[in-house]
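This report concerns the disulfide links of one protein model and the parts of the chain that they join. The sequence and the structure are shown below.

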Amino acid sequence: MPGFGVWIYAVWILLFSLFHVSLSNYSEDQCSWRGSGLSQQQGSVEQISLHCSEGTLDWLYPKGALRLTLSPRLPSMVVGPSGSSSGLITACVKPSEEFHGAQLYLERDGVLELLVGDRLESSPPPRVRCFSRLPGERVALFLQATPHQDISRRIASFRYELRGDWTASAVCMDFPRPLVRGNIKSVEEDENLRAAVIKVSATRVFRQKYTLFTGNSRLSSRGEIRTLLQCGVKPGPGSFLFTGRVHFGEAWLGCAPRYKDFQRAYTIAKAAQQIPCELPVD
């Protein structure tokens, strides 16, 4: 029965395709997820779990709802009896500038709190939203699709980052780390970020996970650092030590001291054994 054999072969191809699509929604390391609402039933809720400290979610043509739990795999030394982190975890989400078609909520012990609303074309870019989870709290992110006649251009996409106490050097990681030493060339205000963007000519780059400072050599690089407007940063003479953290691929810092002032304070604190980490000051 050739017709029957062709039919069986077609069914297997269809099942394999569906299986492949379901697997391809997740990145190989389960840090990110990408899927479409076209396969969801109206009113349904798809359960998603990601297991990294940073990643992305892309929901094309939102329909129904998604419930996302962020459960980073932790070293055994910092896992409590319940299998979760024994300390505070802080999570931040950064919606894409084209976030449309859904609303993002924080679900904490069954109560929903709106983090990001469905954007209109004229709306300003959404801002980063952060929240903390205490040990034992049940927290998830809930995405609810909003009704639209035309969903073809709707994509709800965001990046996430988690910070916690799951590294052996947690106290050092929580301490702002040296990024670069250099001079301030110019300062511009970013109204959307409500922050100051500092153009820096770096004389030394201490470390960079992402390519934030580029140049001909490690001793001559240029890049940008963002900081709070209330720091009142202004261009001027002098060498500065810029300490801070990388946040969603951008360098952010607190108010920067002049390098000579930091070096003096660091030497005094180190002699008194009042600092938790070794920082390069040479």
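## Disulfide links

The disulfide of C31 and C52 is left-handed, because the torsion about its S-S bond is about -65 degrees. C31 lies in the loop between α1 (2-24) and β1 (33-36), and C52 in the loop between β2 (45-50) and β3 (54-60), so this pair ties together parts that are 21 residues apart in sequence. Helices (H or I, at least four residues) and strands (E, at least two) are DSSP runs, numbered from the N terminus.

The model is predicted: local features need pLDDT of at least 70 and side-chain atom pairs count only at pLDDT 80 or more, while totals for chains, interfaces and linings use all residues. Residues are numbered from 1 along each chain as its sequence is written, and side-chain values use heavy atoms, with hydrogens and water left out.

With a disulfide taken as a pair of cysteine sulfur atoms within 2.5 Å, the count comes to two.

| Pair | S to S distance |
|---|---|
| C31 and C52 | 1.9 Å |
| C92 and C130 | 2.0 Å |

The link of C92 and C130 is right-handed, with 105 degrees about the S-S bond. It connects distant parts of the chain, 38 residues apart: C92 belongs to strand β5 (residues 89-95) and C130 to strand β8 (residues 129-133).

Accessibility is classed as buried (under 20% relative accessible area), exposed (over 50%) or partly exposed (in between), using a 1.4 Å probe and protein chains only. C31 is buried at 11%, and C52 is buried at 13%. In the other pair, C92 is buried at 5%, whereas C130 is partly exposed at 44%.
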